[in-house]
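Here are my notes on the model, as numbered points. Please read them with the structure open.

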Amino acid sequence: MIPTKRTCLSAFHPVSAPDYVPAAQLRELQLSRLKSVVARAWERVPLYRNRMERHNLTPDDVRSLDDIAGLPFTVKADLRDTYPFGLFASPMEEIVRLHASSGTTGKPIVVAYTQPDVDVWTSVMVRSFAVCGLHQGDVIQNAYGYGLFTGGLGAHYGAEGLGATVIPISGGNTDRQLMVMRDFGVTAICCTPSYFLHMIDRAAELEIDLRELPLRVGVFGAEPWTSAMRERIEDLTAIQAFDIYGLSEIIGPGVAVECPCQDGLHIFEDHFYPEIVDPESGAVLGAGEEGELVLTTLSKQAMPMIRYRTRDITALLPGACPCGRSLRRMKRISRRSDDMLIIRGVNVFPSQVESALLEVEGTLPHYQIILTRSHGLDQMEVQVEVTSESFSDKIGALEQLNDTIADALEHVLGIRVEVTLVEPHTIQRSDGKAKRVIDRRLQP
Amino acid sequence: MKLQQLSLFSENKPGHMIAPCRLLARAGLDIRALSLADTQRFGILRMIVSDWQRAKSLLEQAGSAVKVTEVVAVEVPDRPGGLAGVLDLFEGSQINIEYMYAFPFRRGERAVLIFRFDQPDAAIEVLQAAGISVLDSGALDEK
């Protein structure tokens with residue numbers, strides 16, 4: 001039997017009870033969890049202990065939630081410097097899962113979960129789906145990639161935990177995605193928003209009318225997207241499109257999610273304590289002020305993160321949400337405070353591109369990274385100016401240079417990118433310096 | 001005996017050939033021979049010009065990546081089998097022809113081909129030993 005379209009999106013779900021806890025009670029819970037996670041980090045992770053000692057701090061100095069502002073920050077480089085297991089606070093026999101995401105150098109960043117951590121992750125994903133109006137009886141097509149990336153398994157456990165039917169189709173093969181979506185009576189889709197836009201285009205080509213299907217909810221994340229993209233998705237289909245936020249270092253997807261009001265993302269702050277800081281000075285900013293999101297895991301065992309600098313720029317929205325949740329909201333992520341690019345879910349830094357070019361050519365040529373989106377997938381092109389030194393008058397040698405650069409980039413970045421050799425002085429320079437990154441992905 | 005050929009890197013896009021040609025025209029430099037090697041994505045413009053040093057510095061000032069390569073201009077009988085007879089000389093030798101292209105004019109009953117050998121001096125010896133005429137840059141002006 002094919003389910004029919006439901007009209008009620010926001011029926012109260014029992015798993016959502018923690019979303020509505022009165023603020024005073026929530027702060028009390030946060031403080032008691034903060035005290036224990038700081039104590040755990042202090043006792044078990046040398047990096048945290050050494051840093052706190054340098055600031056003459058002990059876990060006893062955390063007496064109120066405001067005291068968190070005195071604790072040292074943790075940054076992505078700390079995960080790299082302690083690769084692979086240096087920040088673990090649980091012995092390996094208690095760790096049931098490892099995930100990894102790419103770091104600033106060739107080495108990935110490893111994150112770990114105990115069984116209780118996986119349970120917390122599942123619970124925040126269950127609550128995320130419930131916020132989006134999903135429940136038992138829904139058929140959720142999970143097109144996030146399964147593997148070391150946290151997106152696939154995070155959404156999978158959440159969908160199962162909700163009691164919904166999960167289709168673990170993973171990413172790619174759009175025609176099969178659409179066939180499954182139509183034939184299995186899918187009511188909700190999880191993937192990147194850009195990939196769903198591609199599905200919409202392909203469905204039109206295959207003459208599948210998505211509005212005729214029972215599909216009514218999309219849970220989209222793992223990349224920045226715009227209101228214009230949401231409007232386009234909601235115009236072309238009958239779904240409501242929700243933004244979900246998360247990062248591996250904190251837990252994966254399920255850190256924050258939009259409610260049907262679609263005015264900011266509610267942070268599951270009973271598990272993830274948010275602060276907004278000035279990216280330059282590190283000073284804590286007030287509600288409504290835009291700055292860098294800093295998160296502290298309040299219940300993570302295997303890998304506590306104390307004041308982790310996400311580099312994502314947002315603001316905590318003042319005032320209560322009409323949906324009634326007491327969980328604070330953050331604005332949709334608009335940009336980052338560093339130059340990290342997210343390409344097909346992979347983190348890329350321009351410095352990695354420079355190191356690869358330097359390795360191949362000996363000196364750094366003028367280059368430019370051009371990001372576009374084709375068929376819902378990010379495309380990265382690196383244009384490299386040919387110099388009198390690198391230029392050979394033999395076609396074969398130039399093609400080899402092209403390939404050598406592409407290989408070196410793939411080695412450093414972990415993804416294949418397109419390399420184009422261009423004529424000298426053709427990359428635009430402003431103030432003598434070339435603009436390194438042209439991002440055309442969010443152009444409608 | 002060897003000629004200096006200029007090679008320019010060019011993106012395979014409309015309009016990318018005309019700029020260097022205009023530049024040489026304005027300077028009164030004659031392009032005597034020209035070949036374009038291209039792939040889908042880029043091309044190499046190879047030229048033999050009347051004053052290669054001046055041409056090179058003008059092109060470089062205009063921002064081009066220029067390479068100077070030594071090539072050999074060979075007179076080949078303009079009849080069936082003429083080219084094959086020349087190529088036969090190099091079969092089995094250690095000399096490799098990297099590329100070649102034809103000159104746009106003929107000298108009497110002969111055509112002129114430009115060869116890029118990996119060992120130009122050795123190639124010239126082979127050609128001369130076989131009685132084949134190798135032209136110097138002066139001879140090219142007598143068209």
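**Notes on the predicted model**

1. Start with the largest nonpolar core, which has 94 residues. Phe129(A), Leu134(A), Ile140(A), Val219(A), Val255(A) and Leu295(A) touch the most other members. Helix α4 of chain A, residues 115–131, gives this core its largest share: eight residues. Keep in mind that this is a predicted model. In soluble globular proteins, nonpolar side chains tend to be buried together.

2. Which residues is Val255(A) in contact with, leaving aside its neighbours within four places in sequence? They are Tyr245(A), Gly246(A), Leu247(A), Ile250(A), Ile267(A), Phe268(A), Phe272(A) and Leu295(A). Leu295(A) is also among the core residues that touch the most other members.

3. There is a second, separate core of 49 residues. Its members include Leu341(A) and Val353(A) from one chain, and Val49(B) and Val66(B) from the other.

4. Now the helix pair. Helix α7 (residues 193–205) and helix α8 (residues 227–236), both of chain A, pack at an angle of about 35°. Their axes are 11 Å apart. The crossing of α7(A) past α8(A) is left-handed. On the α7(A) side, Pro193(A), Phe196(A), Leu197(A) and Ile200(A) make the contact. By class, the contact has seven nonpolar residues, no polar ones and one charged.

5. Next, the domains of chain A. The assignment gives domain 1 as 14–338 and domain 2 as 342–439. Over C-alpha atoms, the centres of these two domains of chain A are 32 Å apart.

6. Last, the contact between the chains. Chain B puts in 17 residues and chain A 16. On the chain B side, β1 (2–11), β3 (42–49) and β4 (66–77) of chain B each supply at least two residues. Which element gives the largest share of the side of chain B that touches chain A? β1(B) does, with four residues. By class, this side of chain B has six nonpolar, six polar and five charged residues.

Terms used
Residues are numbered from 1 along each chain as its sequence is written. Chains are lettered from A and ligands numbered from 1 in the order in which they are written. This is a predicted model: local features need pLDDT of at least 70, side-chain atom pairs count only at pLDDT 80 or more; totals for chains, interfaces and linings use all residues. Two residues are in contact if their C-beta atoms, placed from the backbone, lie within 7 Å. Ala, Val, Leu, Ile, Met, Phe, Trp, Tyr, Cys and Pro count as nonpolar, Asp, Glu, Lys and Arg as charged, and the others, Gly among them, as polar. Axes are lines fitted to C-alpha atoms, for helices over the stretch in contact, and angles run from 0 to 180 degrees between N-to-C directions. A crossing is left-handed if the near helix is turned anticlockwise from the far one by less than a right angle, and right-handed if clockwise. Domain bounds come from an automatic or database domain assignment. A nonpolar core is a set of buried Ala, Val, Leu, Ile, Met, Phe, Trp, Tyr and Cys residues joined through C-beta atoms within 7 Å. A residue is buried if 20 or more other C-beta atoms lie within 10 Å of its own, exposed if 12 or fewer, and partly exposed in between; C-beta atoms are placed from the backbone.
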